[in-house]
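Please open the model in your viewer and keep the selection tool at hand. The tour goes from aromatic rings to the nonpolar core and then to charges over rings.

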Amino acid sequence: MRTYRVWAPQAGRVEVEVDGRTHPMARTDGAGGWWQADAPDGDYGFRLDGGPALPDPRSPRQPAGPDGPSRPVDHAAFRWSDVPWRGRALPGSVVYELHVGTFTPAGTFEAAAERLDHLVALGVDLVELMPVCPFPGRYGWGYDGVSPWAVHEPYGGPEGLKRFVDAAHRRGLGVVLDVVHNHLGPSGNHLPLYGPYFTDRHHTPWGAAVNLDAPGSDEVRAYLIGSALAWLRDYRLDGLRLDAVHALADDRARPFLEELAEEVEKLAAASGRPLFLIAESDLNDPRTTAPRQAGGLGLTAQWSDDFHHALHALLTGESHGYYADFAADPYAACAKTLTRGFLHDGTWSSFRGRSHGRPFPAAYGHRLLGYLQTHDQVGNRAAGDRLSATLTPGRLAAGAALVLTSPFTPMLFMGEEWGAATPWQYFTDHTDPGLAEAVRQGRRREFAEHGWRPEDVPDPQARATVLASVLDWSEPEREPHAGLLDWYRRLIRLRRAHPELTDPDLGAVRVDHDAERQWLVVHRGPYRVVVHLGTAAPCRIALDRPYAGTLALFGDAWPESDGSLHLAAESTAVVRVD
């Protein structure tokens, strides 16, 4: 026997159906909306006012998919390795983002675990998994997930995720999970039938907002916080990445994110492990990561799109959309983001048509994640083309050096480290034909506005789109991929060996640059990261102090007797100065 509980405040009668047999439930708290019953173990669902059996909002497992019955999970039954795991803090770490379904041809946790030794050899510290909650079909990015306490069965379900985390921890790798609190997917979302999980008080790109401040929001907030704590506790995850927190509409005096951060801090204290929260936010607001005691939300870090946009504009020359302000002077944009965190820190944003952001505190560069590529910045392009599709190895190497020697917490996107030739495209596997066609046509309309022909935009529902996005693990063994992979490994080793290359103090960073001659020098203590992006003749770059040796080189460079440095076309060097 087990006790079943569910919050259904609008229902007049609730039953739990277990393996086809129904059992009446009783209210446990008067008008509070909670119902409870003792019934046998088994696959189950809840019937509201005589309706069909629905999955449990807190379902720990959906073996038949989002619309099927729920199944209990005994988390205490899993046998974790005896090797003690005391956690992995975010500051000083290198993060590696991966999508379980396309990281390997098998697309499972088990197959991904078999590639963890590659990540150990690369030198990363934390593996960030894209969302793994159940979603319709077999394939998808995971951002259309439902059942935020469960794990996508085709990946391996709850046991598969635990085995992956355990395998990572045995190798010294922490694991971060991307979770989505700002919406649920359009298919398989049964929460509105249970209660006021959503509100028309606010509207988002996905419709009605998750209810964080309207009547009933106490229970909704507890629901989301409970889910977050369950990932960290039951699956022993080390941190969570919170998707698009700027889309969390919340007018209460105590913001949901502040409450979540406080509860995670309590769990960290109880578990003896450092647990952390990483936000995706486009607000350029340092209060996101400022301590709660200082009036902030208390999240550990946030993604830094400004740094990405500056690098992307510098390396590619793209200037459309939100790249416009960065492309106006990409060398200056890189210099500002490396020394001040945000480009838009109260300045005019032409893309938004208004001023944007506020200054970031100089001492806390590690609170920003810096990256050259992410799932968003690759997959949201029409063809899902990576930088390696258009940039030379020399330019890819320059971008890697600027990320991995930056004052930020570096993050890589899977396959980036060897310049993967495979794209990473937008794909879905919606089982509802109408929804599938709507997604297909919506994607085509979106890019038609930017001049793309419909037939050139990959079909999100096509199996070929998924297959094209799977990493080719034979690439790292051959050139030019092997050379770039070696460069990433060397840079990460340098970062670990020389504390000056992890120093998060933005005020200690200085950047010299010359847009006309296409060079840039980043000052990091006694080290200089020297980048020459010109494609023709070598370039002589005067250093502020005499050259004293090269720590890493991609391309060709040679010093002059006067202490300056010559760099060949599209070359990058990390050097020491006296």
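How many aromatic pairs does the count come to? In this predicted model, the count comes to 23 aromatic pairs.

Start with one of them: select Phe103 and Trp473. Their ring centres are 5.2 Å apart and their planes stand at 90°, so this pair is edge-to-face. Now show the secondary structure around the two rings. Phe103 belongs to helix α1 (residues 100–103), while Trp473 is in the loop between α14 (463–468) and α15 (481–497), so the pair ties together parts that are 370 residues apart in sequence. Both Phe103 and Trp473 are buried.

Next, select Trp141, Phe413, Trp424, Tyr426 and Phe427. Ring pairs join these residues into a cluster.

Now turn to the largest nonpolar core, which has 148 residues. Select Leu129 and Trp231, the residues with the most contacts inside this core. Then colour helix α6 (residues 217–234), which gives the most to the core, with nine residues.

Stay with Trp231 and display its surroundings. Leaving aside neighbours within four places in sequence, its contacts include Val132, Cys133, Pro148 and Trp149. Also among them are Leu161, Leu177, Val179 and Arg236, as well as Leu237 and Leu240.

Two stops remain, each with an arginine and a tyrosine. Select Arg2 and Tyr4: the charged end of Arg2 sits over the Tyr4 ring, 5.5 Å from its centre. Finally, select Arg367 and Tyr364. Here Arg367 lies over the face of Tyr364, at 3.8 Å from the ring centre.

How values were computed:
Residues are numbered from 1 along each chain as its sequence is written. This is a predicted model: local features need pLDDT of at least 70, side-chain atom pairs count only at pLDDT 80 or more; totals for chains, interfaces and linings use all residues. Side-chain values use heavy atoms; hydrogens and water are left out. A nonpolar core is a set of buried Ala, Val, Leu, Ile, Met, Phe, Trp, Tyr and Cys residues joined through side-chain atoms within 4.5 Å. Buried means under 20% relative accessible area, exposed over 50%, partly exposed in between (1.4 Å probe, protein chains only). Helices (H or I, at least four residues) and strands (E, at least two) are DSSP runs, numbered from the N terminus. Contact means heavy atoms within 4.5 Å. Rings of Phe, Tyr and Trp (its six-membered ring) pair if their centres lie within 6.5 Å; planes under 30 degrees apart count as stacked, over 60 as edge-to-face and the rest as tilted. A charge sits over a ring if NZ of Lys or CZ of Arg is within 6 Å of the ring centre and within 35 degrees of the ring normal.
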